[in-house]
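Visitor: I would like to go through this structure with you. Could you bring it up?

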Amino acid sequence: CLDFISSKQLHRGGVDSPSWRSGAQPDNIVIKATGGGAFKYADLFKERLGVSLEKEDEMDCLVAGANFLLKSIRHEAFTHMDGQKEYVQIDQNDLFPFLLVNVGSGVSIIKVDGHGKFQRVSGTNVGGGTYWGLGRLMTKCKSFDELLELSQRGDNSTIDMLVGDIYGGLDYSKIGLSASTIASSFGKTISDDKELSDYRPEDISLSLLRMISYNIGQISYLNALRYGLKRIFFGGFFIRGHAYTMDTISFAVNFWSKGEAKAMFLRHEGFLGALGAFMSYEKHGLDDLRIHHLVERFPMGAPYVGGKIHGPPLGDLNEKISWMEKFVQKGTQITAPVPVGFPVTTGMGGFERPTAKGDILRSDASAALNVGVLHLVPTLDVFPLLEDPKMYEPNTIDLDLNEYKYWFKILSDHLPDLVDKAVASEGGTDDAKRRGDAFAHAFSAHLARLMEEPAAYGKFGLANLLELREECLREFQFVDAYVSIKQRENEASLAVLPDLLMELDSMNEEARLLALIEGVLAANIFDWGSRACVDLYHKGTIIEIYRMSRKKMQRPWRIDDFDMFKKRMLADKKGQPYKRALLFVDNSGADVVLGMIPLARELLRNGTEVVLVANSLPALNDVTANELPGIVAEAAKHCGILRKAAEAGGLIFDAMAGIQDDLKDEPVSVPLMVVENGCGSPCIDFRQVSSELAAAAKDADLLILEGMGRSLHTNLNARFKCDTLKLAMVKNQRLAEKLFNGNIYDCICKFEPVP
């Protein structure tokens with residue numbers, strides 16, 4: 001550990017820090033530390049690194065770290081039964097009290113009543129140290145991990161006395177004990193005429209693991225019962241993401257509580273003390289931290305898997321690319337150790353043996369959870385128009401194993417084309433090609449990891465997968481892979497916009513509104529994230545495809561609430577038009593220029609303020625908030641309504657040249673504005689949006705969500721405090737079938753008025 005810290009100069013800010021580059025040697029380096037090692041190794045740290053360890057109380061740090069994680073990470077806690085993880089959403093306002101069971105060498109059981117309010121209510125000297133100590137004596141294992149690994153190949157029925165051994169293979173059904181229930185740990189060895197060497201080390205390790213895990217689970221539940229607590233969180237060195245350990249503790253708590261209590265575990269449980277030590281700094285600045293201010297990302301730099309670092313901690317991009325090239329041959333993937341199935345064993349203390357997929361329990365390495373990098377983003381906020389933020393779930397579809405396989409194939413098949421676009425966006429240089437190959441390998445590694453353990457990065461939906469791809473692109477410094485394509489499509493669409501506006505203006509109000517909604521749906525076909533749509537680009541120009549899409553618009557659509565929306569817009573507007581509309585735009589080109597801008601123009605014509613909401617960062621061919629003002633300015637050259645609204649909204653500051661004379665007498669307009677959404681993904685999670693969008697939403701009474709990502713993949717079932725219109729063309733056959741029992745290119749016009 002000391003060699004690692006020294007080689008990377010972590011105690012001086014890292015090898016890339018200004019102090020290291022300048023050669024300055026900081027004096028009196030002090031690092032917060034907790035646990036027995038803070039005392040045991042204090043002199044060694046001072047001698048080897050010149051670092052003084054400022055010791056913090058272990059229990060204080062443990063509780064502070066747990067409180068921080070449960071408050072700050074959305075899906076921190078999970079249950080683990082039958083080999084399956086299920087993430088639990090914890091209500092921040094109903095977190096306390098809970099029981100924290102820290103299983104290290106011994107076991108401490110702590111009742112936590114609030115921040116800084118806790119007491120150690122119980123414990124046991126039979127813990128991880130007992131398992132390791134007895135295991136080392138009985139199996140000659142050299143490490144704790146080696147002992148755990150042995151347990152996964154064990155059959156404890158050769159050592160433990162089961163109920164069936166006593167009753168001739170029968171259950172003791174009268175008191176609810178099955179034949180496979182453990183009656184006495186190690187009890188079978190009493191009557192066996194065998195020496196220690198006659199027993200398999202694997203069987204000894206498993207029997208020992210069960211004995212200690214059940215004991216911990218039972219004592220913990222009894223303490224929870226004593227204090228009337230339903231939530232029990234387990235952590236510590238003994239747990240360390242080991243699937244079988246978590247399963248045995250979970251079964252024990254479930255058995256003794258008759259299903260009324262659940263054992264829960266923490267994704268980052270190995271970091272409780274370290275986080276708590278950090279929180280002990282007087283000026284850490286996190287006192288007012290809210291969950292929406294934190295974003296966890298998973299760079300390829302030094303992913304932790306099963307407690308082992310796969311690859312070095314990579315400082316700069318070139319070092320990262322070199323590592324990828326050196327250790328990953330083209331066409332292969334970075335994976336954690338391959339999961340291994342082990343023989344089924346029988347007999348669990350009071351219950352049957354848990355299984356993880358069928359009768360196979362995954363290896364410890366595949367079951368382990370990855371540790372990301374937590375980013376503090378104070379400019380994020382909760383969208384104020386969510387009807388119930390506590391119940392809000394952005395992802396429409398839960399990704400089970402079959403869904404994962406399908407979407408992984410979609411993303412993998414799309415990868416070569418994405419790499420080509422990314423490299424071309426950087427001029428096709430050799431450096432861009434190297435980065436493109438490294439990105440492809442890195443993203444493939446993420447997909448392989450998630451196929452192996454879908455819960456490895458927390459609760460992951462399709463929106464998270466798509467965002468992971470964009471983050472991976474940015475990690476390898478591809479700023480905007482589709483920049484040239486977006487520019488070309490914007491120019492082509494703007495060229496035909498004047499004719500479209502003239503056509504719309506020739507219609508009566510009712511026909512025009514229908515044409516506008518049809519136009520949004522037809523233009524939403526342009527999506528470089530859809531394989532079906534990419535194929536269309538080879539069959540015609542952008543305008544030809546748009547016109548073809550318009551001609552195929554036939555009602556009723558798959559979801560068709562247009563008449564309800566029309567009634568609100570036309571009949572009800574005479575009394576009170578919408579005050580402010582937020583339009584969440586999707587793709588560049590025809591989608592925004594020929595679809596959403598004409599719709600925005602109609603709302604402006606009716607006296608409604610319009611806010612165009614776009615991505616903060618590029619994602620595929622989605623338009624960004626930085627690009628929108630330029631697009632609006634070009635569109636405004638041909639339309640007085642847009643020009644005056646853009647001037648009122650601050651998008652255009654000077655009188656524009658080239659405005660047609662007959663458009664100069666338009667009345668003063670309500671404003672047209674642009675705000676960023678705080679995202680860099682094709683989807684949107686309304687629990688974390690930009691503070692700018694949150695402020696703009698406070699006066700809004702109409703939301704229009706456009707596109708598959710923002711209104712189908714996410715938010716199809718989301719409810720808001722104001723009228724909401726969700727518009728999209730379905731460009732994926734599987735999604736169409738799963739959501740609507742429909743077909744590719746079905747259209748969705750879903751209007752949800754508030755009562």
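Guide: The side chains of lysine 32 and glutamate 54 make a polar contact at 2.8 Å (a pair of N or O atoms within 3.5 Å, one able to donate a hydrogen and the other to accept it; residues adjacent in sequence count only if both atoms are side-chain atoms). The model is predicted: local features need pLDDT of at least 70, side-chain atom pairs count only at pLDDT 80 or more, and totals for chains, interfaces and linings use all residues. Residues are numbered from 1 along each chain as its sequence is written, and side-chain values use heavy atoms, without hydrogens and water.

Visitor: Is lysine 32 buried or exposed?

Guide: Lysine 32 counts as buried because its relative accessibility is 14% (buried is under 20% relative accessible area, exposed over 50%, partly exposed in between, with a 1.4 Å probe and protein chains only).

Visitor: Changing topic, how many disulfides are there?

Guide: The count is zero, a disulfide being a pair of cysteine sulfur atoms within 2.5 Å. Cysteine 722 is buried, at 5% relative accessibility, and cysteine 639 is buried at 3%.

Visitor: And in what order do the seven strands of the open sheet run?

Guide: The order is E17-E24-E23-E22-E18-E19-E20, with mixed pairing. Strands (E) are DSSP runs of at least two residues, numbered from the N terminus, and two strands pair if DSSP finds at least two bridges between them.

Visitor: Which residue is the bridge partner of leucine 727 in E24?

Guide: Cysteine 749.

Definitions and conventions: Helices (H or I, at least four residues) and strands (E, at least two) are DSSP runs, numbered from the N terminus.
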